[in-house]
Amino acid sequence: MLRDALAKRNFVVVGRVGMDFFPDPPGTSTPDAQVMKVGMGGSSANIAAGLCKFGCQAALVTSVSDDAVGWYCEGQLDHYGVDRRHVKRVTGEYRTSLAVYETRIEDHQSVIYRNNAADFQMTVADVEAVDYTRFGALITAGTVFAAEPSRAAAFRAFELARAAGLPIIFDVDYRPYSWPSPQVAEEVLSRAGEMADIIVGNDEEFGFMAGHIDKGLAKARALAASSAEIVIYKKGPEGAVTFADGAEIATGIYPVAAIKPTGAGDSFMAGFLAALSEDCPMKEAVLRGSACASIVVAKPGCAPAMPDRSELEQFLATHPGPTEA
C-alpha cells in the first residue's frame with residue numbers, strides 16, 4: 001500500500017519556507033563578505049522543490065510574513081513549481097525565517113533567524129482546509145513541531161492524512177535552537193515518530209529520541225519493528241542503515257569535494273522519495289537519495305542546488321560509485 005501511495009507522485013508537504021543568504025564567491029566568510037547571493041531555503045520547501053525537479057507534484061502548507069521576504073519565498077515556490085495555495089500570509093511582528101550560511105566546510109558558520117517565526121503561525125484551521133484525498137503522501141520535518149500553534153496543526157495534519165489513507169513521512173530534523181527545551185523536543189519528536197510510516201534521521205537525532213546517542217540504532221530498529229514501514233538511520237560519511245521489509249540494508253555514500261554541509265538531508269529525502277515513487281528497489285532508492293545529497297553539498301545554495309533527473313543520471317554515470325557500507 002505504501003508503494004501504491006507513493007506511485008501517485010503527488011505530495012503534501014507541511015513546514016517552512018525561508019530565505020537563504022550565502023557569501024559569494026564560495027569560500028568567503030560572512031564577516032569578509034562583499035556580495036551575498038540569495039536562494040530559497042527551509043527544509044520542507046527544499047524537499048518540495050526537489051520533488052518537483054524530479055517531475056513529482058508537491059504542495060506546501062505553511063505561513064509566511066506579508067512582506068518582501070515572504071513575497072520572495074512565494075515567487076520562489078512558483079519558480080520551482082510548488083503548489084502554494086495553502087501558503088498563508090501573516091501580518092504583525094511575525095517574520096519569514098532567514099538563514100545566513102557560508103559555502104565552505106572549514107570554520108563553517110550558519111546563523112538562523114527564527115525570532116517570531118511566521119511558519120510557527122500555521123494553525124489547525126490551515127491544515128483542516130487541505131483536501132488530503134488529492135495527494136499520495138504527507139511529508140514534514142521536525143521543526144514544524146517546535147512551537148505552537150504549528151505543533152498542534154502538524155499533529156492534526158497527521159490525523160487527517162491518516163484518515164484519508166495517506167502514509168506519513170517524517171524527517172526528524174532536530175534543530176535545538178527552535179525548541180523550548182530538549183525534554184519537550186524528545187517527547188514531541190518521539191510522538192511524531194511513532195505516527196510515521198517512513199522516518200529519516202541521523203545517528204544523533206535517533207539517539208536524542210532514545211535518550212542517548214549510543215541507543216539511536218536500537219531506537220531506529222525498534223520503530224521499524226513496531227510502527228514504521230521504512231526507517232533510515234543516517235551515519236554521515238559512514239553511510240546509512242535502512243530498515244524495511246524485515247531487512248537491514250547498509251549503504252555507503254558518494255564521495256565528492258564538498259563545499260558546504262547544508263541542504264544534504266533535504267536533497268536526500270527528495271531523491272529517495274522520487275525513486276520510490278518510480279518503484280525503484282529499496283537499496284537503489286537510498287543510493288539515489290545519497291547521490292542527490294552529494295550533488296547539493298558540492299554546489300552553493302540549497303533549493304537552487306537540488307538536482308533534476310538529468311543531473312542525477314549524469315552524476316551516477318560519471319561517479320566511480322558509492323563507498324562500501
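**Note on the predicted model**

1. Strand 6 (residues 98-101) and strand 7 run antiparallel and are joined by 4 bridges. Within this pairing, Ala99 has Ile112 of strand 7 as its bridge partner. The coordinates come from a predicted model, and what follows should be read as such.

2. These two strands belong to an open sheet of 4 strands, in the order 3-2-6-7, with mixed pairing. Strand 3 (35-41) and strand 7 (110-113) form the edges, each pairing on one side only. On average, neighbouring strands of the sheet are turned by 20 degrees against each other, direction ignored. In general, strands of a sheet pair through backbone hydrogen bonds, either parallel or antiparallel.

3. Helix 3 (residues 68-80) lies across strand 2 (18-24) and strand 3. Relative to strand 3, helix 3 runs at about 65 degrees.

4. Helix 2 (residues 43-53) is largely enclosed by the rest of the structure, because 10 of its 11 residues are buried. The buried residues are Ser43, Ser44, Ala45, Asn46, Ile47, Ala48, Ala49, Gly50, Leu51 and Cys52. Which elements cover the buried residues of helix 2? The cover includes strand 1 (10-14), strand 3, strand 4 (57-65), helix 3, strand 8 (137-141) and helix 9 (264-277). Just after helix 2, Gly55 takes a positive phi of about 90 degrees.

5. Leu51, one of the buried residues of helix 2, also has a place in the largest nonpolar core, which holds 53 residues. Along with Phe11, Ile169, Ile198, Ile230, Phe272 and Leu273, Leu51 touches the most other members of that core. Leaving aside residues up to four places away in sequence, the contacts of Leu51 are Phe11, Cys56, Ile139, Ala270, Leu273 and Ala274. Another core, of 45 residues, lies apart from the largest one; among its members are Tyr132, Ala147, Ala185 and Ala220. As a general point, nonpolar side chains tend to be buried together in soluble globular proteins.

6. Not counting residues up to four places away in sequence, His86 touches Leu60, Val61, Thr62, Ala129, Val130 and Arg134. Of these contacts, Leu60, Val61 and Thr62 fall within strand 4 (57-65).

Definitions and conventions:
Residues are numbered from 1 along each chain as its sequence is written. This is a predicted model: local features need pLDDT of at least 70, side-chain atom pairs count only at pLDDT 80 or more; totals for chains, interfaces and linings use all residues. Side-chain values use heavy atoms; hydrogens and water are left out. Two strands pair if DSSP finds at least two bridges between them. Axes are lines fitted to C-alpha atoms, for helices over the stretch in contact, and angles run from 0 to 180 degrees between N-to-C directions. Contact means heavy atoms within 4.5 Å. A nonpolar core is a set of buried Ala, Val, Leu, Ile, Met, Phe, Trp, Tyr and Cys residues joined through side-chain atoms within 4.5 Å. Buried means under 20% relative accessible area, exposed over 50%, partly exposed in between (1.4 Å probe, protein chains only).
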